[in-house]
Amino acid sequence: MDYCKIMRDLREDADLTQRQVADILGTSQTMYARYERGANELPIHHLIALCNLYRVSADYLLGLSRDKRKQSH
């Protein structure tokens, strides 16, 4: 599963709209939609924000692991 689908699934599971997530990230709904479609690459600071928002690891969001748990330091 690619990270675009994971991003969309996490957003939908949280009952959030693209506009709401875009507001949290400080970007436009149009740009966030481009991230979900894979038309633009997701900047690292948005990756971190999404991991914090959904309480998942970056590995999970990027499709590198099936383990959703965020690692604590």
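What follows is a walk through the fold of a predicted model, from the whole chain down to single residues.

Start with the overall picture. The protein chain is built from 5 helices and 0 strands, so along the sequence the pattern simply reads α-α-α-α-α. Laid along its principal axes, the C-alpha trace spans about 30 × 25 × 20 Å. Of the contacts with a separation of 6 or more, 42% involve residues 24 or more positions apart. Buried residues account for 32% of the 73 residues. As for the surface, the protein chain exposes about 4900 Å², with carbon and sulfur atoms supplying 48% of it. The charge count comes to 11 positive and 10 negative side chains, and the centres of these two sets sit 1 Å apart.

Next, helix H3, which runs over residues 29–37. Its buried residues are Tyr32, Ala33, Tyr35 and Glu36. Seen down the axis of H3, these buried residues fall within an arc of 155°, so they line one face of the helix. Thr30 and Arg37, on the other side of H3, are exposed. What do the buried residues of H3 pack against? Their partners are helix H1 (3–13), helix H2 (18–25) and helix H4 (44–54). Just past the end of H3 comes glycine 38, with a positive phi of about 85°.

Helix H4 has a buried side too. Here the buried set is His46, Leu47, Leu50, Cys51 and Tyr54. Around the axis they cover an arc of only 140°, which puts them on the same side of H4. Ile44 and His45 are exposed, and they are carried by the face of H4 turned away from its buried side. The cover over the buried residues of H4 includes H1, H2, H3 and H5.

Back in helix H1, arginine 11 deserves a look. Leaving out residues up to four places away in sequence, arginine 11 touches Leu16, Thr17, Gln18, Val21, Tyr32, Glu36 and Tyr54. Two of these names have already come up in H3, where Tyr32 and Glu36 are among the buried residues, and Tyr54 is one of the buried residues of H4.

Most residues other than glycine have a negative phi. Aspartate 15, however, has a phi near 55°, a positive value in a residue other than glycine. Its place is in the loop between H1 and H2, and with 67% relative accessibility aspartate 15 counts as exposed. Arginine 55 is another case, with a positive phi of about 55° although it is not a glycine. This arginine comes just after H4, in the loop between H4 and helix H5 (58–61). At 69% relative accessibility, arginine 55 counts as exposed.

The loop between H4 and H5 also holds serine 57. Where arginine 55 is exposed, serine 57 is buried, with a relative accessible area of 12%. The C-alpha atom of serine 57 is separated by 9.8 Å from that of leucine 47, 10 residues apart along the chain. Leucine 47 belongs to the buried set of H4.

At 17% relative accessibility, tyrosine 60 counts as buried. Which residues does it contact, once neighbours within four places in sequence are left aside? Tyrosine 60 is in contact with Ile6, Leu10, Ser65, Arg66, Asp67 and Lys68. Tyrosine 60 and isoleucine 6 are 54 residues apart along the chain, and their C-alpha atoms are separated by 8.4 Å.

Key
Residues are numbered from 1 along each chain as its sequence is written. This is a predicted model: local features need pLDDT of at least 70, side-chain atom pairs count only at pLDDT 80 or more; totals for chains, interfaces and linings use all residues. Side-chain values use heavy atoms; hydrogens and water are left out. Buried means under 20% relative accessible area, exposed over 50%, partly exposed in between (1.4 Å probe, protein chains only). Helices (H or I, at least four residues) and strands (E, at least two) are DSSP runs, numbered from the N terminus. The arc is that of the directions from the helix axis to the C-beta atoms. Contact means heavy atoms within 4.5 Å. Accessible areas come from the Shrake-Rupley method with a 1.4 Å probe; for residues, only the protein chains shown count as cover. Lys and Arg count as positive and Asp and Glu as negative; His and the chain ends are not counted. The place of a charge is taken as NZ of Lys, CZ of Arg, CG of Asp or CD of Glu.
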